[in-house]
Amino acid sequence: MRKKRWVPWVLVAPALLIIVLTTIYPLVVALYFSFHKYKLRKPPQFAITIGEGGLHIDWSLLSLDNYALAISDSRFINSLQVTFWFTVISVALSVIIGLFIAVVVQKGGRLHTLTKVLLIFPFAVSPALKGYSWRFMLNENYGIYDLLIDQLIVAPANAVLSVINALPLAQIPLISESIVWLGDKFWALFMLAMSETWGWAPLIALMFVGALGSIDEQIYEAARIDGANRLQIFFRVTLPLLRPVILIVTMLKTIFSLKMFDQVVTMTGGGPVRATQTINYYIHQIGFVRSLDIGYASAMSYILVIILTICAALYVSLVLNRD
Amino acid sequence: MNLSAAGSQAQESSYARHAVRALETAALLLIIAFIALPIFWLAITAVKPQEKAYSTTLIFSPTLVNFEIIFSDDSVTINEGTNRERGEVGRNMFPNVINSVIVSGATILIAIPLATLAAYAFSRYQFLGNSVLLIWILTTQFIPAIVVAIPFFTLFRTVEVFDRPLLGSQLGLIIVNMSIVLPYAIWMIKGFVDALPGEIEEAAFVDGCNDFQILFYISLPLIRPGVLVASVFAFIMSWNEFLFALIIGREMRTMQVALMTTSGARGIMWEQMAAAGLVVMVPIFFLAMFIRKNVVDGLTMGAVK
């Protein structure tokens, strides 16, 4: 329709320039840093210098030491493991609970509509605040979650257990009512994932609600006429039809989970004993809090970039193949 | 299937329907409790007097003293003593609110016009590499913020604007915020332009309008609601942003980082944290309700439709 070839470039250029400056520039510089010994306490010696003879490269200043350090650093390996488990738990819970919420909420009805409106609420709560509020609510002395878990889950479970124990069958130890949630290695990581699930499951539900709404009612009708019950319809009809959306959402949430940082700072501080130190958190500790080692922090963040690049490639191929 | 089996199945399904409906209501109530409890509890704690904040009680007389403490330079009297005597530093969070408003406001003021122009070009023109560029913009959201923060931290330490280092300044934070806000804004606005039928623009073209007249007089007014939604979304993103605010913003402290200053000599003052949390959350609450229908498109850059 319109012929002037330069017009779109003029429109795109300012935004593109800023995106390049704020993403490509740091990616290149961080890669460059990662090959150097560079601590904040003393001025760094860079390999590339511009002197009188033009560009000068001192190859002896470049090394893979920071990457070698990462591979042998048990705390970095620990952060990889923590991030892996955090991602697995938070993604699985977010997607499954999100799917559950979507299926329950989908139909019309006053309570359904109210719940649908509520789904947006966690989006308004910043991750940093989420971390603090969960930490408060999980407190073993005055936390509301601690109270509810003890009253609604642990106490009934123990009641059942004591009945079983009264029978001459087996003696099962009762569950402790005084678990310090954020003081226990497993529970701290689990609760961190739960706080993430609280924020994301409702949003994922919203994503699924849209996808569920676009499924033709006639397909369900046909399944019902063929005598399928609710569970069969869900597993044999709904789930397969939702598969592309589930895959995309899972991949997207995986990427967000791999970058977990905010709540670690405000909820657990990486503890107890590094049990919740995610990659991002450990990099921040090394680069800005403890050894102020920018070179090492850059190398570790590049390892994270590589992991995320693989995920991003998967994600993009999923999105493109869908259309 | 014979007749008697069909009859019993019909009867069974009527019982089953009641059971399913009851289960469904129970599930809905459970979901509501799951979502609302943390927000409700934060709100409750913010208006609790200090001696009731560290308990799960619901019986208390509501007070605004916590807000008074976080917004005052002076000591505030709480039960007999002042907060300073009790070892709680009253820190005025008003400057932090201003910081958050300035940073988020300036971020969208810069990002949204640029994103609008780019989104329009991506939607309406075919140009060399446009789809590749668009996918590339999509992937920039996967760059971990820490990798952006490290080089900008070292750069901003040495760069001064108006005799003030960029590190720890609002401007520095606004610059790095572009890396997260611009890609989302472009994709979100592009969605709105895509949805706009091209016929009006065609007609304007036939009438002799040039590209820019069409853009500014025809298309922009039509996508204004979409641009508004994207602005709100971008505002929420930069308002809730934490990693950059911590590393690049530093002592300047947006509200997200200021939340951390509610810890005093005796650990975190939960009632103050809750009050500050409400200040952070409530405005975003209304904004989120306003763009409720577009949040999914925004978060997924339109991948889930």
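Modeller: Here is a quick tour, chain by chain and then contact by contact. Keep in mind that this is a predicted model.

Colleague: Fine. What is the secondary structure of chain A?

Modeller: Chain A has 13 helices and two strands.

Colleague: And how do the two strands run?

Modeller: Strand E1 (residues 48-51) and strand E2 (residues 54-57) of chain A are antiparallel, joined by four bridges. They form a hairpin, with two residues between them. Ile48(A) has Ile57(A) as its bridge partner in E2(A).

Colleague: What radius of gyration does chain A have?

Modeller: It is 26 Å, while a compact globule of 323 residues would be near 20 Å. Along the principal axes, the C-alpha atoms of chain A fill a box of roughly 85 × 65 × 30 Å.

Colleague: How is chain A divided into domains?

Modeller: Domain 1 covers 1-32, and domain 2 covers 35-140 + 179-322. The centres of these two domains of chain A are 28 Å apart, over C-alpha atoms.

Colleague: How much of chain A is buried?

Modeller: Buried residues are 41% of the 323 in chain A. As for contacts with a separation of 6 or more in chain A, 72% are between residues 24 or more positions apart.

Colleague: Let's switch to chain B. How many helices and strands are there?

Modeller: Chain B has 13 helices and six strands. Of its 305 residues, 47% count as buried. Among the chain B contacts at least 6 apart in sequence, 71% join residues at least 24 apart.

Colleague: Which domains does chain B have?

Modeller: Domain 1 is 3-46 and domain 2 is 94-300. Their centres in chain B are separated by 39 Å, over C-alpha atoms. The contact takes four residues from domain 1 of chain B and six residues from domain 2 of chain B. On the domain 1 side, three of those residues are nonpolar, one is polar and none is charged.

Colleague: I was looking at Val176(B). Where is it found?

Modeller: Val176(B) is in helix H7 (residues 170-194) of chain B.

Colleague: Why does Val176(B) count as buried?

Modeller: Because Val176(B) has 27 C-beta neighbours inside 10 Å. The cut-off for buried is 20 or more.

Colleague: What does Val176(B) touch?

Modeller: Leaving out residues up to four places away in sequence, Val176(B) touches Thr22(A) from chain A. From chain B, Val176(B) touches Val148(B), Ala149(B), Phe152(B), Phe244(B) and Ile248(B). Phe205(B) is 29 residues away along the chain, and its C-alpha atom is 39 Å from that of Val176(B).

Colleague: What about Ile248(A), buried or exposed?

Modeller: Ile248(A) is buried, because 20 other C-beta atoms lie within 10 Å. It lies in helix H10 (residues 230-258) of chain A. Not counting residues up to four places away in sequence, Ile248(A) touches Leu318(A), Val319(A), Ala303(B) and Val304(B).

Colleague: And how far apart in space are Ile248(A) and Gly51(A)?

Modeller: They are 50 Å apart, C-alpha to C-alpha, and 197 residues apart in sequence.

Colleague: Which residues of H12(A) are buried?

Modeller: Helix H12 (residues 279-289) of chain A is mostly covered, with nine of its 11 residues buried. Among them are Tyr281(A), Tyr282(A), His284(A) and Phe288(A).

Colleague: What do the buried residues of H12(A) pack against?

Modeller: In chain A, they pack against helix H3 (74-105), helix H11 (262-268) and helix H13 (294-322). In chain B, they pack against helix H6 (145-158) and helix H10 (243-249).

Colleague: Last one. How many residues has the largest nonpolar core?

Modeller: The largest nonpolar core has 179 residues. Those with the most contacts inside it include Ala115(B), Leu182(B), Ile189(B) and Ala234(B). Among the residues that Ala234(B) touches are Thr107(B), Ile108(B), Val181(B) and Tyr184(B), not counting residues up to four places away in sequence.

Definitions and conventions:
Residues are numbered from 1 along each chain as its sequence is written. Chains are lettered from A and ligands numbered from 1 in the order in which they are written. This is a predicted model: local features need pLDDT of at least 70, side-chain atom pairs count only at pLDDT 80 or more; totals for chains, interfaces and linings use all residues. The radius of gyration is taken over C-alpha atoms; the globule rule is 2.2 Å times the number of residues to the power 0.38. A residue is buried if 20 or more other C-beta atoms lie within 10 Å of its own, exposed if 12 or fewer, and partly exposed in between; C-beta atoms are placed from the backbone. Two residues are in contact if their C-beta atoms, placed from the backbone, lie within 7 Å. Domain bounds come from an automatic or database domain assignment. Two strands pair if DSSP finds at least two bridges between them. A nonpolar core is a set of buried Ala, Val, Leu, Ile, Met, Phe, Trp, Tyr and Cys residues joined through C-beta atoms within 7 Å. Ala, Val, Leu, Ile, Met, Phe, Trp, Tyr, Cys and Pro count as nonpolar, Asp, Glu, Lys and Arg as charged, and the others, Gly among them, as polar.
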